[in-house]
Amino acid sequence: MRKELRRWAEILRERALAEGLSFPPVLFEEVGPEEMAMLAAYGGFPRRYSHWRFGSEYLRYRETYRYGLGRIYELVANTYPVHAYLLKGNTLLAQKLVMAHVYAHADFFHHNLAFKPIPKDMEAEMAHHAAFVEKAMERHGARSVEEFLDLALSLENLIDPHALYIQRQAGEDKEERPPDRLQVRPYLDPYVNPPPAPPKEAEEGASPIPL
């Protein structure tokens, strides 16, 4: 990354920490439009297994940028350290805004309850999957492996990604068990932990102001 951007990244990091954010280290990298389109097609990871849908997504992102229909300013991967890709050609002002935005992403990844169980070494995991699929194609043929992937991916939208992390006790009566209070930041508490029952509305015709 350019020296000027490195300087601003450190300034913005200190400002984000001063505002109360906390996050793991963030690594910034500038990439061109072609590489950004590839990363977007791969879901923000530099290496994935071979499949036609990634090529289709890559063409869509590339042509969207080429014809001025959209621009991906940044991509952020929920890893440790957090990897953030900035688009080359952004103005300095845009890059500063994007880097500040990235630090907010990193804080969100670090504290969000839904993201907590997600492994932080997904880049290595994705590369391992790619190597496994490549060996399978060498052994069984690219066509048969791709057909199997098509069948597996057709089920993707039917699987609850959070099912592995839902813990229930045998015989638990969900109707009688009071919900657990989630530990969140104070300003989120009224929204995440609402009262057991909403306050009753005033009867029709009654004055809401005590006399």
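Predicted model: local features only at pLDDT ≥ 70, side-chain atom pairs only at ≥ 80, totals over all residues.
I count a contact when heavy atoms lie within 4.5 Å.

**Overview.** I listed the elements next and found 7 helices and 3 strands. Read from the N terminus, they run α-β-α-α-β-β-α-α-α-α. Of the 211 residues, 26% count as buried.

**Helix α5.** I checked the length of α5, residues 122-140, first. At 1.5 Å a residue its 19 residues should span 27 Å, and I find the end C-alpha atoms 26 Å apart, which agrees. Then I asked myself which residues of α5 are buried. They are Met-122, Met-126, Ala-130, Val-133, Ala-136 and Met-137. Looking down the axis of α5, I see these buried residues fall within an arc of 125°, so they line one face of the helix. Helix α6 (142-153) is among what covers them. On the other side of α5 I noted Ala-124, Phe-132, Lys-135, Glu-138 and Arg-139 as exposed. After α5 comes Gly-141, and its phi is positive, near 100°.

**A nonpolar patch.** My last stop was the surface, where Leu-113, Leu-182, Tyr-187, Leu-188, Tyr-191 and Val-192 form a nonpolar patch. Together they have about 610 Å² of accessible area. I picked out Tyr-187, which sits in the loop between α6 and α7 (189-192). Is Tyr-187 buried or exposed? Exposed means over 50% relative accessible area, and Tyr-187 has 57% relative accessibility, so I count Tyr-187 as exposed.

Methods
Residues numbered from 1 in each chain as written. Heavy atoms only, no water. Helix = DSSP H or I, 4+ residues; strand = E, 2+ residues; numbered from the N terminus. Expected span 1.5 Å × (residues − 1). Buried < 20%, exposed > 50% of the residue type's maximum accessible area, 1.4 Å probe, protein only. Arc of directions from axis to C-beta. Patch = residues over 30% accessible without salt bridge, like charges linked within 9 Å, V, L, I, M, F, W, Y side chains within 5 Å. Areas by Shrake-Rupley, 256 points an atom, 1.4 Å probe, with all protein chains shown as cover. Salt bridge = Lys/Arg side-chain N within 4 Å of Asp/Glu carboxyl O.
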